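Morning, everyone. One interface today, and I'll keep it quick. Here is the structure.

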Amino acid sequence: MTQIAISVQDGEEKHFDRGTTVAEALKELVSNKQRKQIIAVGCNGLASDLGVPLEEDTVLAPILASSEEGLEILRHSTAHIMALAVKKLYGPEVKVAIGPAIDDGFYYDFDREKAFSPEEFEAIEQQMAEIVAARLPFQRKSLKREDAITLFRDLGEEYKVELLEEMEDDTVSIYEQDSFTDLCRGPHIPDSSWLKVFKLLRVAGSYWRGDEKRPMLTRIYGTAFSDKKELKRYLTQLEEARKRDHRKLGKELGLFTIQDQIGPGLILWQPQGALLRKLIEDYWKEEHYKNGYELLYTPHIARQDLWKTSGHLDFYGENMYSAMEIDEVKYQLKPMNCPFHIGVFNATKHSYREFPIRWCELGTVYRYERTGALHGLMRVRGFTQDDAHIFCRPDQLEDEIFNIIDLNLHILKTFGFAEYDVYLSTRPEKYVGSDEHWELSTDALKQALEKKGLNYSIDPGEGVFYGPKIDIKIKDQLGRSWQCSTIQVDFNLPERFKMSYTGVDGGEHQPIMIHRALMGSLERFIGILIEHYAGGFPLWMAPEQARIMNITDDQSEYCERVFAQLRHAGIRIAKDLRNEKLNYKIREAQLKKVAYMLIVGEREKEEGTVTVRLRDGKNLPPMRPEEFIDFIQKECEEGKG
RNA sequence: GCCGAUAUAGCUCAGUUUGGUAGAGCGGCUGAUUCGUAAUCAGUAGGUCACCGGUUCAAGUCCGGUUAUCGGCUCCA
């Protein structure tokens with residue numbers, strides 16, 4: 001029998017008989033201790049099971065159970081084990097669809113008459129534990145695609161048959177574990193004993209292949225880790241996310257409310273939330289003024305004809321609310337601000353010398369969202385875009401985009417978002433405009449990104465109907481990604497609205513239009529901020545910066561004086577002079593996430609000072625009110641960058 | 001819109017299994033207490049049990065429908 005040379009990366013090479021499995025080779029090549037950590041290996045660039053026989057000289061790249069790749073394999077195998085458990089418990093009444101590993105775990109989609117309920121988790125987990133204890137091996141087999149189709153058809157697994165029928169490979173792999181056979185690319189853990197820590201999390205419905213016209217399946221989500229502590233940490237993190245939920249904090253902090261009587265997806269800003277929003281808006285306006293923008297205000301409704309001209313009725317109609325009639329003319333609520341800004345543009349004649357024109361507006365738009373999509377502030381039916389439209393000449397396009405990105409990243413950073421991913425979205429299926437225009441504008445976006453030195457990925461087909469776009473997705477404190485900023489080139493609307501300017505040559509030319517939003521939707525952005533800061537906003541945007549509290553009634557008068565002085569200086573301060581114990585007042589202020597508590601007892605009253613308590617429980621040395629004003633103003637300036 | 005779950009006082013929740021016209025804590029109000037770094041004590045007022053209909057002598061409780069919310073799918077700022 002011929003010998004082949006096998007080695008582990010950077011390790012000694014040894015010779016084995018052809019057909020030796022990875023597991024057998026590893027026994028000779030690495031220590032026992034190390035071997036226990038190896039869940040699979042990379043063989044010539046492909047992840048592979050330990051049971052695979054080797055046919056040629058190979059360098060093995062071990063995949064450790066604790067590595068990201070190893071964890072993914074473990075979770076994928078857990079999905080299989082769960083499916084086996086479900087099959088054992090419920091038999092052929094359940095058909096399997098797909099069961100991949102996902103970011104934080106895995107899921108498996110099943111077709112079952114009755115949806116699973118969380119009460120069944122215990123039984124399934126119990127069954128899984130038995131499978132783990134039985135050390136059932138995963139056995140890989142290769143077979144011809146046609147044979148696999150026959151196999152799964154005989155098993156009654158029609159979803160697998162459908163998947164197979166769409167595949168192009170001649171041979172496919174299946175995995176057998178006990179009585180369960182699954183179509184799968186692999187790799188998998190060698191046997192079920194490798195699974196130590198897992199938990200089923202929730203059930204949900206999901207369409208077969210994500211298509212709402214196809215059957216609704218029942219999905220079980222779960223997760224698995226290589227270590228018990230990791231699971232615990234994950235569950236703690238879920239708990240943390242629940243604590244930060246903007247709907248919960250919004251209620252507790254009195255920021256906003258949504259009421260049945262008003263309507264789903266419509267936000268009522270309560271005083272503290274309204275103040276927070278005003279502070280954000282003020283900052284936004286200041287920055288735009290500094291960067292050469294002018295502010296516009298436009299109406300909420302317009303004649304239906306406007307939306308015909310803009311193309312919104314054709315391309316965005318299903319998201320627009322139906323028309324209302326005013327003096328026998330149809331009007332519709334605006335889903336976007338752009339046609340209005342064009343109206344402002346077309347109100348006067350323009351010369352090339354005026355460009356670039358930068359117009360911004362906090363424009364409230366209304367869009368129909370399906371009931372199931374609504375979610376707190378994150379997904380609503382009426383929201384305010386921090387919108388802007390830039391009109392410029394073709395030679396200015398790239399610079400303008402470059403400037404927008406600059407301003408964009410600066411503002412995001414001030415809000416505490418320094419990490420982001422950038423995406424370039426290209427032409428979607430439904431679109432307007434010529435291919436030439438799409439190419440030209442896509443190129444301009446690309447150039448600006450590259451000049452700015454930003455890494456970006458391409459999102460094919462994700463552009464808006466009127467043009468390609470750059471999206472910036474920020475990462476919050478918990479590492480979650482949110483799409484807020486968007487920059488879109490539009491050669492379409494200038495055409496439709498016959499926009500023009502006089503060029504150097506004295507002739508009429510068509511301007512280029514850029515749409516952009518930085519925060520996207522104020523509602524959503526504030527929702528993200530609430531969760532990002534867990535309600536404890538940076539001082540410059542905190543609705544309540546300080547709260548002054550007395551220890552006994554004897555200091556009330558002094559507190560009133562200091563309160564008036566600070567308020568006069570523009571500090572957002574509240575007072576708590578109730579006849580309550582200091583502990584009680586502190587607790588309440590703490591729960592309301594007040595940044596600074598000013599504590600006044602006899603000592604402070606006599607010395608003309610206040611003692612400043614921070615959110616973390618520490619105290620600053622007593623200071624005079626003027627000193628506190630300086631202190632707080634300085635912190636605000638620093639916070640705003 | 002689809003699948004599943006939930007809906008009781010301003011808030012957080014018990015009561016639903018085994019139908020007999022509602023309970024707690026916090027908050028509110030009143031009073032006492034004047035107490036230095038996360039809840040002082042006592043009293044008191046709050047609810048057509050989401051809405052509509054059905055079963056029943058009797059429905060918060062059982063059944064049907066509607067609405068909203070939650071977890072997902074789809075969609076998306």
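Start with one pair. The side chains of D49 and R140 form a salt bridge, 4.0 Å from N to O. The term means a Lys or Arg side-chain nitrogen within 4 Å of an Asp or Glu carboxyl oxygen.

Some ground rules. This is a predicted model: local features need pLDDT of at least 70, side-chain atom pairs count only at pLDDT 80 or more, and totals for chains, interfaces and linings use all residues. Residues are numbered from 1 along each chain as its sequence is written, chains are lettered from A and ligands numbered from 1 in the order in which they are written, and side-chain values use heavy atoms, without hydrogens and water.

Now the layout. Chain A is assigned domain 1 (3–64), domain 2 (69–239), domain 3 (256–532) and domain 4 (544–639). Those bounds come from an automatic or database domain assignment. Domain 1 gives 12 residues to its contact with domain 2, which gives 11. Contact here is heavy atoms within 4.5 Å. The C-alpha centres of these two domains are 27 Å apart.

How much area do domain 1 and domain 2 bury between them? About 790 Å², with 68% on carbon and sulfur atoms. That is accessible area (1.4 Å probe) lost on putting the two parts together, summed over both.
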